[in-house]
Amino acid sequence: MNRLMKKLLWTAVLPLAVMALLTFGLTSLLIGRFAEDETYAQLEREAAIVYEAVQEGRGIPGQLDVLLFQDGQRVELERGGRMHRMMPISLDPNDLAVQDEVSVNGTRFLTYLREEGDIQIVTYSPVPFSNPQFQQIYLILAGGFILALLVAIGVTFWMSRRLTQPLVELKQATASIMEGRHDITLPNVTNDEIGDLTVTVGRMNESLQEKEALQKSFISGVTHDVRTPLAIVRNEAEMLELGVVETSDISMTGKSITEEVDRIDRLVNQMLEYSKLSSGTIPLEIESLQLDDLIRRLTSRMSEWFRQKGVTLDLQLESVMIQADRLAMERVLSNFLRNAYEASPPGGCITIRLTPNRLEVTDEGKGIDPTIQHSIWDMYVKGDRSNGHGLGLAITKLLLEAQGLSYGVDSEKGATFWIEWT
């Protein structure tokens with residue numbers, strides 16, 4: 001039995017046991033009180049019967065338990081009927097209240113005293129609890145409560161097992177995930193919170209598998225992208241060291257080495273930038289920014305680059321002022337435009353549309369693969385035609401979130417990356 005199951009059993013059974021005991025006690029008390037009141041009423045009626053018999057000089061019915069006194073002295077009278085019996089009580093009527101309780105030889109009796117002149121009539125009866133009929137009632141009640149408690153324990157045990165077993169299986173599954181194993185077995189999905197948790201764990205496992213696959217791909221790509229320029233740099237440096245490079249080619253060799261080092265530097269800087277943005281250590285300077293002017297200046301600087309592929313720009317800009325960080329927005333727009341450029345066919349058109357609360361960058365490419373569209377903003381994810389490392393949009397996401405801007409991508413014909421603000 002697991003710990004949660006024990007807690008559930010204690011939580012359910014303990015209140016039930018307390019409630020059963022209280023109910024049994026209160027029920028017994030009420031039955032006893034009711035029976036006691038009924039017994040006193042019966043004893044009063046019997047005392048009236050005895051008094052009438054004495055007044056009329058008749059015999060006292062043999063089925064009545066009664067003592068008769070005159071001036072404090074017990075009087076033996078003729079008992080009628082077939083149930084003549086000796087009275088087991090010897091007492092002084094002056095010591096009794098009208099309704100009283102006495103104990104004789106370990107047996108408790110309820111008594112009723114009626115005084116008429118010098119005559120005292122005492123009727124008596126065993127207390128209800130000592131009556132076999134009432135004892136049977138108490139036994140039936142106790143048995144019923146015990147049976148109900150046992151049934152409750154059984155049902156609680158069964159329900160606890162059904163509730164805790166999926167949790168135990170989920171615990172084992174999450175432990176397997178923590179150890180890096182994803183071939184897990186999840187419990188059946190039920191229509192409750194445990195079912196929701198099961199679905200969530202399953203999705204988490206799938207997401208981690210995707211992330212691990214992307215991470216391995218990223219590491220493989222980064223390793224390749226670092227080793228390739230390093231190999232070129234090493235090869236050309238060895239050629240310079242051995243003096244096999246012609247004097248006229250030294251400048252070209254130095255330029256090649258510089259370009260390869262710059263490739264490595266850009267990759268390292270991207271990784272450092274993502275790390276700093278993730279930890280929130282890069283401060284942003286939020287200011288009033290004329291966004292349409294920023295777009296015109298940025299596209300003007302990139303115009304020569306676009307002409308290399310024959311890509312044209314269609315600027316549909318309204319005059320818009322927003323609160324944002326200038327350098328961060330330049331980085332975001334530059335990344336959107338580079339992605340659109342890579343996706344555009346030769347001679348294609350990139351449309352930049354700016355309205356008072358939305359910016360869109362749309363290309364005429366083939367769009368985004370549906371299998372990665374939901375994770376395009378995550379680290380390591382990149383399209384098939386991308387020459388990057390899957391860090392550009394991840395950095396863009398962090399920059400936009402840091403400025404409180406909404407973002408997204410639509411891909412029906414081509415791809416439209418958008419930003420919204422209020």
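View 1. A salt bridge here is a side-chain nitrogen of Lys or Arg within 4 Å of a carboxyl oxygen of Asp or Glu. The model is predicted, and local features need pLDDT of at least 70 while side-chain atom pairs count only at pLDDT 80 or more, whereas totals for chains, interfaces and linings use all residues. Residues are numbered from 1 along each chain as its sequence is written, and side-chain values use heavy atoms, with hydrogens and water left out. R296 and D293 are three residues apart in α5, and so are separated by about one helical turn; helices (H or I, at least four residues) and strands (E, at least two) are DSSP runs numbered from the N terminus. R296 is partly exposed at 39% relative accessibility, and D293 is partly exposed at 33%, where buried means under 20% relative accessible area, exposed over 50% and partly exposed in between (1.4 Å probe, protein chains only).

**View 2. D410 and R358 form a salt bridge whose closest N and O atoms are 3.9 Å apart.** Because D410 belongs to strand β13 (residues 406–410) and R358 to strand β12 (residues 358–362), the pair ties together parts that are 52 residues apart in sequence. D410 is partly exposed, with a relative accessible area of 39%, but R358 is buried, with a relative accessible area of 18%. Salt bridges with shared partners join R353, R358, E360, D410 and E420 into one network.

**View 3. The side chains of R108 and E101 meet in a salt bridge of 2.5 Å, N to O.** R108 is partly exposed, with a relative accessible area of 41%, and E101 is likewise partly exposed, with 34%. In total, the structure holds 13 salt bridges.

**View 4. The lining of the largest cavity consists of I295, L298, T299, L333, L337, I352 and V361.** A cavity is a set of points on a 1 Å grid over the protein atoms alone where a 1.4 Å probe fits but cannot get out, and lining residues have an atom within 4 Å of a point. Helices α5 (291–307) and α6 (326–343) each supply at least two of the lining residues, and α5 gives the most, with three.

**View 5. Helix α8 (residues 392–402) contains the buried residues L393, A394, I395, T396, L398, L399 and L400.** After α8 comes G404, whose phi is positive, near 75 degrees.

Technical notes:
On a 1 Å grid over the protein atoms alone, a cavity is a set of points where a 1.4 Å probe fits but cannot get out, and a pocket is an open set with protein on both sides within 12 Å along at least five of seven lines; lining residues have an atom within 4 Å of a point.
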